[in-house]
Amino acid sequence: MKTDRFQVFSDGIFAILITILVLEFHIPNYQPGHLLPAILAQWPLMLSYVFSYFYVGTLWLFHHDYFNMLQRIDRNLNMLNLLMLFSITLIDYPMSLVADALTTGNRQDMQTAFIVYDLVALFISATFYLMYAYLHHHQALKKPGVSMAFYTAIKLDPVRSVTIYALAIIATFWSVWLGVILLASGIIFHFVAYLRMSHQLEQAKGGTQ
């Protein structure tokens, strides 16, 4: 399969997911003259949406840049990509859970919601690891001119993010807010890792195999 069809399909999934995320917003119930307090009361939804949008956007940047270096796609890579996209489409569910739990303020519900989010994030990172490992062992799929140094530099990033989310799950049982900090750190780590990967890719294009 050519990479253009692969990218178009994947971009479409990302676009649909972001659309679904924003559809969680609804006009709040309010009495005349009290619209502003009703809007401000939706802060949990806005907060979870901002984090989820940033997360999905970063994953899309990863996907776009990483797979732009490929010259062809095989069947196994297609299947791994479907698994990855499936994991990413799950984000809407924990986003809604987190928003609802923050609204009620119940500690047990917040624990559950954030752990579900952590599990989805961990699953996503695990699928990226599988994709990285597969492409590392199938160099013929990539475009000429991308050196092995590129794979060496980024191959452990998914493992690091899996570790962060695993720690977030454990921490949430003792402290919800410590778990939240670790979850946010995992999402920020993805963005930092993307910037580093983009830099490594530019360097690798000028390297040798």
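Start by selecting Thr58 and showing its neighbours: leaving aside residues up to four places away in sequence, Thr58 touches His190, Phe191 and Tyr194. Keep in mind as you look around that this is a predicted model. Thr58 belongs to helix H3, which covers residues 43-67. Is Thr58 buried or exposed? Its relative accessibility is 1%, so Thr58 counts as buried, the cut-off for buried being under 20%.

**Next stop: the aromatic rings**

Now colour the aromatic side chains. How many aromatic pairs does a search of the whole structure find? The search gives 10. Let's visit two of them.

Phe25 is partly exposed, with a relative accessible area of 26%, whereas Tyr49 has 15% relative accessibility and counts as buried.

Stay with the rings and select Phe62 and Phe128. This aromatic pair is edge-to-face, with 6.0 Å from centre to centre and 65° between the planes. Which helices hold the two partners? Phe62 lies in helix H3 and Phe128 in helix H6 (residues 107-136), so the pair ties together parts that are 66 residues apart in sequence. With the surface on, check both partners: Phe62 counts as buried at 5% relative accessibility, and Phe128 counts as buried at 8%.

Now widen your selection to Phe6, Phe62, Tyr66, Phe67, Phe128, Tyr132 and Tyr194, which ring pairs link into a cluster.

**Last stop: Leu36**

Finally, select Leu36 in helix H2, which runs over residues 35-40. Is this residue buried or exposed? Leu36 has 57% relative accessibility, so it counts as exposed, since the cut-off for exposed is over 50%. To finish, draw a distance line from the C-alpha of Leu36 to the C-alpha of Ala121: they are 33 Å apart in space, and 85 residues separate Leu36 from Ala121 in sequence.

How values were computed:
Residues are numbered from 1 along each chain as its sequence is written. This is a predicted model: local features need pLDDT of at least 70, side-chain atom pairs count only at pLDDT 80 or more; totals for chains, interfaces and linings use all residues. Side-chain values use heavy atoms; hydrogens and water are left out. Helices (H or I, at least four residues) and strands (E, at least two) are DSSP runs, numbered from the N terminus. Buried means under 20% relative accessible area, exposed over 50%, partly exposed in between (1.4 Å probe, protein chains only). Contact means heavy atoms within 4.5 Å. Rings of Phe, Tyr and Trp (its six-membered ring) pair if their centres lie within 6.5 Å; planes under 30 degrees apart count as stacked, over 60 as edge-to-face and the rest as tilted.
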